[in-house]
Amino acid sequence: MKEKFIVKGLGGKKILSGKIKINGAKNAILPTMAASILFKDGFELNNIPNIEDVKRMSELLGCLGSEVSKKSENKYLINSKGLNKFDLDRKISEQMRASIILTGPLLARFGQVSFPVPGGCVIGARPIDFFVAGFKKMGAETKFKNDRYYISTKNKKLNGAKIFFKTPSVTATETFIMAGVLAKGKTILKNVALEPEIDNLINFLVSCGAKIKGGGTTTIEIVGGTLLEAKGKKYIAMPDRIETGSFLILGALCAKDLEITNCNPNDIDILIEILKDSGVPIKVGKTSIKIEKNDKINNSQFKGSGIKTKEYPGFPTDLQAPMVIFLTQTTGESLVFETIFEGRLNFIEDITRMGADIILLDPHRAIVRGPKDLRARELESPDIRAGLAFVIATILAKGESVINNIYLIDRGYERIEERLIKIGVDIKRISSEEI
Ligand code: EPU
C-alpha cells in the first residue's frame, strides 16, 4: 500500500518541545539476526524497532528455514536450527543491501551460498568485490551465473585467512567476522571499519563463546571454532546513533526544548561538537541529550569550512543529508564533502527547489550557503536517510509539504510520525485509499 506524509511546516519557528525516545539500531540488529546462523541454539533479541528492514531480514531468514518470531513489542526470538537452504531470495535481497551479511555465516556453516547482486538504497555503486575476494582468500570457489553468485568450499569449511580491506567497509567487516567464527584456524582482518554497530555484534558473539579480539581497532583477529551457544543470553540492540543525530539536528533547527532519551551521546561526538560550536544550546547526559532555550532563529554560525563524511568516528555519511538541512540555516558558506557514496548528494536538487542555496560541484561535493528560508514542496523520498532529511526540511519549511515513497523512511524508522506528533510536529500519514 502506497503511503505519504503531509507535513505542515513551522516556517522557521523553533517551537517543538518534549521528549523523544531512541530505538534500537537497525544496522546493529541486521548483522546480529544474520549471526543466528552461527548458533546451535536460538536467542532473544531486545530493543528491536518495528521497521521494514527487520521484517525483510526475518523473511529472508524464514525462506532459508530459520524461525524468527516476535515475542512481544520490541522482542524477537530467532533460531536457525532448521535452516536448510543456502540460496538467498532474489526479491528480498534486491530490496536490501544488508542481505549480503548473510553470505558469511551461511558459507561458514554450510560451505555454500548463492545470492543475487544485493539491492537497497540507491546511494552509489555499492560494489561487493571485497566479499568475493575475501571468500576466495578463505578458500572458497566463486562463480557468477544467471545473475547470481555461487560460492562454495571444498570440504564444507572455510579456512582462516588474512584479509586486508582497501577501504574500511561496515558490512564486509561484519561478514568476515562471522565467517571467521566457524572457519578453520585464525582469520585476521585488517583496515576494518570501526562503527559501534560492529562492537555491538562482536560483544554479543564473544559473550556466546566466539573468540574475537581487537574490536574497536583497525585489526580484528578471530579464531574459528564450533557453533556458538547462547544458553539463554539475550542480545540488546544498541541505541540508533543515526536516529539520535537526526533528532538532534531536527531539535537544533525546530525545537525550543527537546530531550532525546535512551541514546548513547558518545556515538555521535562529532555531531555534538559541530552543533555546539555552531551555537546550539546542547546539554549532554549519560543516556540523554537536551536542547534547552533554543529560541533564536537563524542564529547559528557554522565554524570551520564544512563537513566531510568519513568512517567512524568521523562524520557519518548517514547523517550527511540531515546535516545539509542544518547548514541551509547557518550563516555563511560550508562545503559538504561526501567521501563514501557518490550518489548521496542527489537529494540536494529537491532541497534547492525548496529555496536552499546549494551548488553541486560534483557527485561528491556541494557548497551550501545560508541562511535561507525553505518553502513547502512535494517530494519523493530517495533513500532512508535522505527521506528523513526531507522530513526535517519540511518541518522547518513554510507551508504544507507532501513526502511520497515513505516506505523508504519506514525501512529505518518506526512510525516516525507518531513520535514527531508527540513533540508538536504537524505530520500525517495518508494511505493510498485516502489519496
Ligand atoms: N566498498 C567497496 N567494495 C565492497 C564493499 C564496500 O568498494 O565490496 C566501498 C563502498 O562502495 C563505500 C565504502 O566501501 O565506498 C564503505 O561502504 P560500506 O561497505 O561500509 O557500506 P555498507 O557496509 O554497504 C553500511 C551501512 C550503511 C552506511 C555505510 C557507511 C549497514 C546495513 N549499512 O553500508 O547504512 O551508510 O555502512 O557507514 O550497516 C543506511 O542505514 O541507510 C545505510 C545506507
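This is a predicted model: local features need pLDDT of at least 70, side-chain atom pairs count only at pLDDT 80 or more; totals for chains, interfaces and linings use all residues.
## A loop residue to begin with

The backbone of Asn-47 has a phi near 65 degrees, which is a positive value in a residue other than glycine.

## Where the ligand lies

The shell around the ligand receives residues both from domain 1 (3-23 + 239-434) and from domain 2 (26-236), so the ligand lies between the two domains. The space that the ligand takes up is the largest pocket. Among the elements of the structure, those that give two or more residues to this shell are helix H1 (26-35), helix H5 (129-137), helix H6 (170-182) and helix H12 (384-396). Helix H5 supplies the largest share of the shell, with three residues.

## The residues around the ligand

There are 23 residues around the ligand, and of these Asp-129, Ser-169, Thr-171, Asp-318 and Arg-385 come nearest.

In the side chain of Thr-171, an N or O atom is 2.5 Å from an oxygen atom of the ligand. The side chain of Ser-169 has an N or O atom 2.6 Å from an oxygen atom of the ligand, and for the side chain of Asp-318 the distance between an N or O atom and an oxygen atom of the ligand is 2.6 Å. On its own the ligand has 820 Å² of accessible area, and the protein covers 90% of that area.

## Two cis peptide bonds

Returning to the backbone, the peptide bond that leads from Tyr-312 to Pro-313 is cis, and its omega is near 5 degrees. Pro-313 is found in the loop that connects strand S17 (306-308) with helix H10 (320-327).

The peptide bond from Gly-370 to Pro-371 is also cis, with an omega near -5 degrees. Pro-371 lies in the loop between two strands, S20 (365-370) and S21 (378-380).

Notes
Residues are numbered from 1 along each chain as its sequence is written. Side-chain values use heavy atoms; hydrogens and water are left out. A residue is near a molecule or strand if one of its heavy atoms lies within 4 Å of it. A polar contact is a pair of N or O atoms within 3.5 Å; within protein, one must be able to donate a hydrogen and the other to accept it, and residues adjacent in sequence count only if both atoms are side-chain atoms. Accessible areas come from the Shrake-Rupley method with a 1.4 Å probe; for residues, only the protein chains shown count as cover. On a 1 Å grid over the protein atoms alone, a cavity is a set of points where a 1.4 Å probe fits but cannot get out, and a pocket is an open set with protein on both sides within 12 Å along at least five of seven lines; lining residues have an atom within 4 Å of a point. A molecule sits in a cavity or pocket if more than half of its atoms lie within 2 Å of its grid points. Helices (H or I, at least four residues) and strands (E, at least two) are DSSP runs, numbered from the N terminus. Domain bounds come from an automatic or database domain assignment.
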